[in-house]
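Colleague: I have a new model open and would like to go through a few parts of it with you. Could you help me read it?

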Amino acid sequence: MADLDILVRDCPPIYNIIGFLDAMAKYPEISYNILHSGQWEQNAFSHSARLLARSTYDLLLASGGAVYEALEQGREDPMTEDCICAALQLTGLISAMACGGKQAAISHSLYSYFCTCRPEIRSRFLHGELVGASLVYQLAVNGAPRTEQEALDRFLRRFELPACLEELGLADTPEERDALFAFLAEHMPVTDPQELERLQAQAPLLFHGLK
């Protein structure tokens, strides 16, 4: 349930954008699940979840800026209502269809890494900021076109949100890389050693963003 009067009147507009990022993560994460998870059941539910997640992702990416401006001006319009509905209600439906407990979700697994291993970083950022910082990386390992990666990077930078781990304050050291990828290997249902190596090969993008 969302009270739009409260969201428009009392909620900082950037909080809505950060919430949108959490919802947008479903599309690249579910896409990765279908390709690489050893525990993913490919059926009508999972593929329907991906289609709905893509629709939600595209809507929030395209309309987030207009929603932000409307909220800054204290306006509630149909687009704002649509986007908030997509970020909350549709994303809840997507999660239900996607069997959330079995996901090889890189960005949300990294959120768990921050909570477990880097609480000092976790304490400085909201959930959606921590998830959003690795979404360009998630797109890249999915094989998304460079143009799609760049569009998400522009969205993040438009709102001065972290677009890589370095911008969260996480140093790129051999020890950090080893700990981070060991955590992913332990907590995600991905067992193919070559896939785990491929994730590590994209570490420069994960830590430093698009160049």
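Predicted model: local features only at pLDDT ≥ 70, side-chain atom pairs only at ≥ 80, totals over all residues.

Colleague: Okay, helix 10 to start with: how far apart are its end C-alpha atoms?

Modeller: The end C-alpha atoms of helix 10, which runs over residues 146–158, are 18 Å apart. That agrees with expectation, because 13 residues at 1.5 Å a residue should span 18 Å.

Colleague: And which residues of helix 10 are buried?

Modeller: The buried residues of helix 10 are Glu-148, Gln-149, Leu-152, Asp-153, Phe-155 and Leu-156. They cover an arc of only 155° around the axis, which means that they sit on the same side of helix 10.

Colleague: Why do residues three or four places apart point the same way?

Modeller: An α-helix has 3.6 residues a turn, so residues three or four places apart point the same way.

Colleague: What covers that buried side of helix 10?

Modeller: The cover over the buried residues of helix 10 includes several other helices, among them helix 2 (13–24), helix 4 (44–72) and helix 9 (135–142). On the face turned away from the buried side, helix 10 carries the exposed residues Thr-147, Arg-154 and Arg-158.

Colleague: What comes after helix 10?

Modeller: Helix 10 is followed by Glu-160, which has a positive phi, near 55°.

Colleague: Switching to pockets, how much space lies in the largest pocket, and what lines it?

Modeller: The largest pocket holds about 220 Å³ of space, and its lining is made of 14 residues, of which Asn-16, Gly-19, Phe-20, Ala-87 and Leu-88 lie nearest its centre. Helix 2 gives the most to this lining, with six residues. By class, the lining of the largest pocket has nine nonpolar, three polar and two charged residues.

Colleague: What about the second largest pocket, which helix gives the most to its lining?

Modeller: That is helix 5, which supplies five residues to the lining of the second largest pocket. About 160 Å³ of space lies in this pocket, and the residues around it are Met-1, Ala-2, Leu-4, Glu-81, Ile-84, Cys-85, Leu-88 and Gln-89.

Note on methods. Residues numbered from 1 in each chain as written. Heavy atoms only, no water. Helix = DSSP H or I, 4+ residues; strand = E, 2+ residues; numbered from the N terminus. Expected span 1.5 Å × (residues − 1). Buried < 20%, exposed > 50% of the residue type's maximum accessible area, 1.4 Å probe, protein only. Arc of directions from axis to C-beta. Contact = heavy atoms within 4.5 Å. 1 Å grid on protein atoms, 1.4 Å probe; cavity = no way out; pocket = protein on both sides within 12 Å on 5 of 7 lines; lining within 4 Å. Points joined across faces, edges and corners; volume = space filled by probe spheres on them. Nonpolar A, V, L, I, M, F, W, Y, C, P; charged D, E, K, R; others polar.
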